[in-house]
Amino acid sequence: MRKKELALEVIDRLEKEYPDATCSLDYNDAWKLLISVRLAAQCTDERVNKIVPGLYAKYPTIEAVADAPVEEIEKIVRPCGLGKSKARDISLCMKMLRDEFDCKVPDNMEDLLKLPGVGRKSANLIMGDVFGQPAIVTDTHCIRLCNRIGLVNGIKDPKKVEMELWKIIPPEKGSDFCHCLVYHGREICTARTAPFCDRCCLKDICKKKI
């Protein structure tokens, strides 16, 4: 089976297995998703979802976060780890949204990547989930599973994985596909234990490069 054919079959099976797969970070505004995805680095989405309500209760708008002392932001987000650098990035990002983008999250990759603390993974998440644009979010689940399944071969660099996947994933399927990979990576094709291949909906087509 060629990679493009394999990709289409994987997408079809995962969509059936996880029909309700969505972003697991809670948000109701694009700027809040920007903050949450920054906090999620080396931290679980579950913990981020518990921490951010406290931040928004104290600083409920982009302007409020931008004006907040970095030290106060750090106190709130410290349980997510890397508090100092995350607080700094959040502060600078909200300042840029306020000063250069009229408090609106940009809807294009070029401008999103100008924001402090926003890399391709975060930008793709915003493009796909907020703006409904083609997006491929190469998080740790995506990279691990795509290598195991055989959609990419021994590539660990997130941007390189993304570029390879663009060649074989239909653009309109990219965002949902990556959400399905997160669900599958948490439940079946795990990182910290042996994957549960016997329960995997892909077991007969996976390359099993583990």
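Which residues in H5 meet which residues in H6?

## Basis of the model

This is a predicted model: local features need pLDDT of at least 70, side-chain atom pairs count only at pLDDT 80 or more, and totals for chains, interfaces and linings use all residues. Residues are numbered from 1 along each chain as its sequence is written, and side-chain values use heavy atoms, with hydrogens and water left out.

## Helices H5 and H6

Val-70, Ile-73, Glu-74 and Val-77 are the H5 side of the contact. They meet Gly-83, Lys-84, Ala-87, Arg-88, Ile-90 and Ser-91 in H6. Contact means heavy atoms within 4.5 Å. By class, this contact has five nonpolar, two polar and three charged residues. Ala, Val, Leu, Ile, Met, Phe, Trp, Tyr, Cys and Pro count as nonpolar; Asp, Glu, Lys and Arg count as charged; the others, Gly among them, are polar.

Two packed helices are described by the angle between their axes and the distance between the axes. H5 spans residues 70–77 and H6 spans residues 83–100. Their axes come within 8 Å and cross at roughly 125°. That makes H5 oblique to H6. Angles under 35 degrees count as roughly parallel, over 145 as roughly antiparallel, 65 to 115 as roughly perpendicular and the rest as oblique. Axes are lines fitted to C-alpha atoms, for helices over the stretch in contact, and angles run from 0 to 180 degrees between N-to-C directions. Helices (H or I, at least four residues) are DSSP runs, numbered from the N terminus. The crossing of H5 and H6 is right-handed, meaning that the near helix is turned clockwise from the far one by less than a right angle.

## An aromatic pair

The count comes to two aromatic pairs. One of them joins Trp-31 and Tyr-56, edge-to-face, at 5.4 Å centre to centre with 75° between the planes. Rings of Phe, Tyr and Trp (its six-membered ring) pair if their centres lie within 6.5 Å; planes under 30 degrees apart count as stacked, over 60 as edge-to-face and the rest as tilted.

Trp-31 lies in helix H2 (residues 30–39) and Tyr-56 in helix H3 (residues 45–58), so the pair ties together parts that are 25 residues apart in sequence. Both Trp-31 and Tyr-56 are buried. Buried means under 20% relative accessible area, exposed over 50%, partly exposed in between (1.4 Å probe, protein chains only).

## Buried residues and a covered helix

Helix H9 (residues 140–149) is mostly covered, with nine of its ten residues buried. Among them are His-141, Arg-144 and Asn-147. The buried residues of H9 pack against helix H1 (3–17), helix H10 (158–166) and H11.

Glu-162 lies in H10. This residue is buried, at 1% relative accessible area. Leaving out residues up to four places away in sequence, Glu-162 touches Arg-120, Asn-124, Ile-136 and Thr-138.

His-179 sits in H11 (residues 174–187). His-179 is buried too, with a relative accessible area of 8%.

Cys-103 is not a glycine, yet its phi is positive, about 60°. It lies in the loop between H6 and helix H7 (109–112). Its relative accessibility is 26%, so Cys-103 counts as partly exposed.

Lys-208 also has a positive phi, about 50°, without being a glycine. Its place is the segment after H11. Lys-208 counts as partly exposed, at 37% relative accessibility.

How values were computed:
Helices (H or I, at least four residues) and strands (E, at least two) are DSSP runs, numbered from the N terminus.
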